[in-house]
Amino acid sequence: MFTAALLMAALATSPSSTASQIPPAIYTDPEKNTAHPARMEVLHIPSGDVQINGVAYLAAGAGPHPTIIICHGLPGNEKNLDLAQALRRAGWNAITFNYRGSWGSPGSFRFAQNPEDASAVLAYIRVPANAQKLGIDTSRVVIAGHSMGGWAAAMSAASDHDLDGIILISAANIGAVGRLPTGAVAAVMADSMESLAGTRPSKLSEEVRTNAEAYDFVNKAASLAKIPLLVLSSDDGLAPHTDALAKAIGQSGGKQVTSVHVATDHSWSDRRIRLQTEIWGWLAKLK
């Protein structure tokens, strides 16, 4: 039987493991809290002129709890819900959402709206009534993003001065994508349309090519330099995107960047537990 104790012992054999900081609760169902049980809440979050859909995975206990916002990629087949569940077991609230025009959220999908939607979620959870209802400690909020969601998280965080940290998971710099040859950009977009509304590959390709400079998250390095940042890269060809951001942040005086490269695919398909442990170990060190 592969118990939590055996799992932690196995992880401890890796020099880069954060197992020493992992509470058993991250892998073990907690005792039921009858007064304040773990629960899920469906959210309708105002963004632009619509309400995007979201789900809050709320930790057991009276709270308030630290909270992580998780931004999905393009189109968002991997939503990292196992990460949301693991962090909830460890006492964090986790909130996922769908951008305008994606996965049933109303509106038409545009890259420009993705950071706006992430910022709308941050604004929503900071409304006192919402924070109280959801048990959110608004002084301890982290934003994370996978793939395109990493770009959205970084762009949103650049204009937010109240975040505890940022986590990028195999992040794609949409500005860099916009500098690829026209055919290559269109091919990327054409493979990601099944859950997006009100757009087409040529329109998305034109948007990123026209706005390549404005969408380059490396240009936001100075604004990100004071926020703790965890950069997780993989063997998907996107590591240079986040390497460039980390370098630019360092050149801007940032000294709170932690970079970890793991030999796995873009979705971390065979390293899901490693992903959870790296993130939890980093969160546990935040002041």
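Reader: How far apart are the mean positions of the positive and negative charges of the protein chain?
Author: This is a predicted model, where local features need pLDDT of at least 70, side-chain atom pairs count only at pLDDT 80 or more, and totals for chains, interfaces and linings use all residues. Residues are numbered from 1 along each chain as its sequence is written, and side-chain values use heavy atoms, without hydrogens and water. Lys and Arg count as positive, Asp and Glu as negative, while His and the chain ends are not counted; each charge is placed at NZ of Lys, CZ of Arg, CG of Asp or CD of Glu. For the 23 positive and 24 negative charges, the mean positions are apart by 4 Å.

Reader: What share of the residues is buried?
Author: Buried means under 20% relative accessible area, exposed over 50%, partly exposed in between (1.4 Å probe, protein chains only). Of the 287 residues in the protein chain, the buried share is 53%.

Reader: How many aromatic pairs does the structure hold?
Author: Rings of Phe, Tyr and Trp (its six-membered ring) pair if their centres lie within 6.5 Å; planes under 30 degrees apart count as stacked, over 60 as edge-to-face and the rest as tilted. One of the pairs is Phe97 with Tyr99, edge-to-face at 5.3 Å and 85°. In total, the aromatic pairs number four.

Reader: Why is the pair of Phe111 and Trp151 edge-to-face?
Author: The ring centres of Phe111 and Trp151 are 6.5 Å apart. The pair is edge-to-face because the planes stand at 80°.

Reader: Which parts does this pair tie together?
Author: The two parts are 40 residues apart in sequence. Phe111 sits in the loop between β4 (93–97) and α3 (113–126), and Trp151 in helix α5 (residues 148–157).

Reader: Which residues do ring pairs link into a cluster?
Author: Two members are buried: Phe111 has 0% relative accessibility, and Trp151 has 1%. The cluster is Phe109, Phe111, Trp151 and Tyr215.

Conventions: Helices (H or I, at least four residues) and strands (E, at least two) are DSSP runs, numbered from the N terminus.
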